[in-house]
Amino acid sequence: MILYRPIGEAERVLIEKSGYTKFPPRLLEQPIFYPVLNEQYAEEIASRWNVKDERSGYRGYVTRFEIDDTFISNYQIHTVGAPYHQEFWIPAEDLENFNHHLCTKIEVIKEFS
């Protein structure tokens, strides 16, 4: 399955340091990792929220990657607004396993500032 993840500058740097092979661990106040199911939703978050957030470095990026279908089927899809606002809720403690099931490198496909 192809998924997307809106990120800020600090997270982008950490992904780059990993060779674009893994998402960094969540912060203590971030118990859930939220990959989204479509590029439109990821763009909205990156362009409307990340660019206004000091912790995101006032920059937003959209990443794209592929995850193993069997692995991701263990999680439910949540719709959190409009019908296309769909995301998975991955507990922070599952993120290392999530990274292990990436089928492609993480690609930065859009940038907003």
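User: Over the face of which residue does Arg-12 lie?
Analyst: The model is a predicted one. A charge counts as sitting over a ring if CZ of Arg is within 6 Å of the ring centre and within 35 degrees of the ring normal. Arg-12 lies 5.6 Å from the centre of the ring concerned, which belongs to Tyr-61.

User: How many aromatic pairs are there?
Analyst: Rings pair if their centres lie within 6.5 Å. By this rule the count of aromatic pairs is 7.

User: What is the geometry of the aromatic pair formed by Phe-33 and Phe-98?
Analyst: The ring centres of Phe-33 and Phe-98 are 5.2 Å apart, and their planes make an angle of 65°. Planes over 60 degrees apart count as edge-to-face. The pair of Phe-33 and Phe-98 is therefore edge-to-face.

User: How many residues apart in sequence are the parts that the pair of Phe-33 and Phe-98 ties together?
Analyst: Phe-33 belongs to strand S2 (residues 32-33), whereas Phe-98 belongs to helix H4 (residues 95-100). Phe-33 is buried, at a relative accessible area of 0%, and Phe-98 is buried, with a value of 0%. The pair ties together parts whose separation in sequence, in residues, is 65.

User: Which residues make the nonpolar surface patch of about 260 Å²?
Analyst: One of them is Tyr-34, located in the loop between S2 and helix H2 (39-48). Tyr-34 has 31% relative accessibility and so counts as partly exposed; patch residues need over 30%. The patch is made by Tyr-34, Val-80 and Trp-89.

Conventions:
Residues are numbered from 1 along each chain as its sequence is written. This is a predicted model: local features need pLDDT of at least 70, side-chain atom pairs count only at pLDDT 80 or more; totals for chains, interfaces and linings use all residues. Side-chain values use heavy atoms; hydrogens and water are left out. Rings of Phe, Tyr and Trp (its six-membered ring) pair if their centres lie within 6.5 Å; planes under 30 degrees apart count as stacked, over 60 as edge-to-face and the rest as tilted. Helices (H or I, at least four residues) and strands (E, at least two) are DSSP runs, numbered from the N terminus. Buried means under 20% relative accessible area, exposed over 50%, partly exposed in between (1.4 Å probe, protein chains only). Patches are made of residues with over 30% relative accessible area and no salt bridge: like charges are joined within 9 Å, nonpolar side chains (Val, Leu, Ile, Met, Phe, Trp, Tyr) within 5 Å. Accessible areas come from the Shrake-Rupley method with a 1.4 Å probe; for residues, only the protein chains shown count as cover. A salt bridge is a side-chain nitrogen of Lys or Arg within 4 Å of a carboxyl oxygen of Asp or Glu.
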